[in-house]
Structure formats: structure tokens, C-alpha cells
Amino acid sequence: MSLEVGAGETVGLLGPNGSGKSSLLHTVYRVNRPASGRVLVDGTDVQEGPARRVARRVGVVMQDVPTDFPLTVREIVAMGRSPHKRALQADDPVDHALVGAALELLDLTRLAGRRLATLSGGERQRALVARALVGRPSLLVMDEPTNHLDVRHQLALLELVGELGLPTLVALHDLNLAARYCDRICLLDGGRAVATGTPAEVLTPERIGAVYGVTATVLEHPSADCPLVVLSP
Ligand SMILES: Nc1ncnc2c1ncn2[C@@H]1O[C@H](COP(=O)(O)OP(=O)(O)OP(=O)(O)O)[C@@H](O)[C@H]1O
Ligand SMILES: [Mg+2]
């Protein structure tokens, strides 16, 4: 497959379970090494040079992160600064300011002193997003970041991602969230990209039927400039 995420663009990765979304994202932030081809971030191959370089450039919100370490929300978010620092280097005023701003942005200030393990799933997810942003990455990669979020926080998160103006590659399952908030969608099926384009181009009843095996009706959204997908078995 070939996929480009342009400046300020949010690109959604859609596809059934096991279609390869997480595998592709792992390749982007160097957990997987591609068998062939390459991934460039800011023009540099992510496989080249030290792993820290990728960590500095790519902010990551992974799927299913372990949460049983005894750190507070503020400490977890501050970890997002570590690729920019030497071992054991203390946090400086810039780090503190970035961490404070990320906590504020994700509505976490009130929870900053709480241990991650004591948070609800959605609160925890927001802490992981704050951690990804605090390193000021040039690409944001998120794997199903709206899991565990209530509807308001789902919309708020994707709204925020749009406003950040960061190139973002995000795996999603909700076709309507993708239609509403992604500039472009790449639809995967069986490890291959079967369609890439605007939400209206990609989310057709035929394609949704072929890839997911469900019946879809695609309507005009009543209040936004995007398709609205109604599904039935
Ligand atoms: N390390 C691995 N070794 C072998 N197979 C793997 C590995 N990681 C993933 N796979 C397989 O590759 C396929 C794609 O997995 P992947 O996790 O990328 O799917 P996904 O699209 O993210 O699915 P989901 O929506 O369930 O998160 C699956 O069949 C999975 O079993
Ligand atoms: Mg996945």
C-alpha cells in the first residue's frame, strides 16, 4: 500500500478486526520492521538512526496499554517528554509548562495527582493522549483512541485532533466518527488497502457491504458536510 498523511491532515484507517490497522501503525512507529517498502516521517526513514528519533517525531496512543504501573497521571504525561531528555535529566520549566498545558487540554488537571490504575477507562485514555502530545510530535498515531470514551469525549477528542493541526493517522471502528472527522480514509481488508479517499468516496454501500459483510445505507448528514452511514445486519 501507499499512503501519505499531509500537513494538518487527519487520515483514518478503517477495516474489520484483523485487517492490519494496528500492524500498519506499528510499522509507522518502528515496532514492526516492514518486509519491504519504507515509512518516511519528515522525509526520514523511521528505521534509520536511533529509536529515540522516531519517539521524538511520532506521538503514539496505542491500543490496550498496560495500566498497572504505580504512576500518577502527571507522571505518565511527563513521560512523553523523555525522548527529548537525557537519562535522569530533571524536568525543566518547559517540560512543566507542556505537561500542564496537555493536562488542561485533555480535561485532566483535576486528576493529575491520581494513579493511572485508579482512573476510569476513558480518563486513562485521555491521559495517554496527553502523553502523546506533550512531546510535540510531527506525526500523531492513534490506535482506536475513542475506545472507552463516552460520546461527548469521543467527539471532543476528534474535534481536538482536528484543531491541533498535526498530521494524524488514526485507526477507528466507528464509520461515522471517521466520516465526520477524517479528511481522508484508508480502508483496509485482509492486509491490503482496498480504497483511499475522502469519506464520501470511500464509504459507499457497496464497499461497506463487501468489506464488513453488513448492509449499509449512506445518507446525507443533516448538519455536517459528510456522509452518514446507517447499518443493518
Ligand atoms: N506479531 C504478530 N505475529 C503474527 N501475526 C500477527 C502479529 N500481529 C498481528 N498479527 C496478525 O495480523 C493480522 C492483523 O492484525 P492487526 O492487529 O493489525 O489487526 P487490526 O486491523 O488492528 O484489528 P483490530 O480491529 O482487531 O484491532 C491479524 O490476523 C493478526 O492475528
Ligand atoms: Mg488493532
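Two strands pair if DSSP finds at least two bridges between them, and strands here are DSSP runs (E, at least two residues), just as helices are runs of H or I with at least four, numbered from the N terminus. You're looking at a predicted model, where local features need pLDDT of at least 70, side-chain atom pairs count only at pLDDT 80 or more, and totals for chains, interfaces and linings use all residues. Residues are numbered from 1 along each chain as its sequence is written, ligands are numbered from 1 in the order in which they are written, and side-chain values use heavy atoms, leaving out hydrogens and water.

Select 184-189, strand E7, which is joined to E8 by 5 bridges, the two running antiparallel. Click isoleucine 185 and you'll find glycine 197 of E8 opposite; leucine 188 likewise stands opposite alanine 193. Between the strands of this hairpin sit 2 residues, and glycine 190 takes a positive phi near 55 degrees.

Now show the 6 strands of the open sheet, in the order E4-E5-E6-E1-E7-E8, with mixed pairing. E4 (58-61) and E8 (192-197) are the edges: each has a single partner strand, so one side of each lacks a neighbour in the sheet. Neighbouring strands are turned by 15 degrees against each other on average, direction ignored (axes are lines fitted to C-alpha atoms, for helices over the stretch in contact, with angles from 0 to 180 degrees between N-to-C directions).

**Stop three: two helices.** Pick 21-28, helix H1, which packs on the sheet and touches E1, E5, E6 and E7 (contact means heavy atoms within 4.5 Å). Its direction makes about 150 degrees with that of E5. Next, select 205-212: helix H9 lies across E1, E7 and E8, at about 35 degrees to E7.

**Last stop: ligand 1.** Which residues are around ligand 1? Among them are Pro16, Lys21, Gln63 and Glu144, where near means a heavy atom within 4 Å. Look for polar contacts (pairs of N or O atoms within 3.5 Å): an oxygen of the ligand is 2.6 Å from a side-chain N or O atom of serine 23, and one is 3.0 Å from such an atom in histidine 173.

Methods. A polar contact is a pair of N or O atoms within 3.5 Å; within protein, one must be able to donate a hydrogen and the other to accept it, and residues adjacent in sequence count only if both atoms are side-chain atoms.
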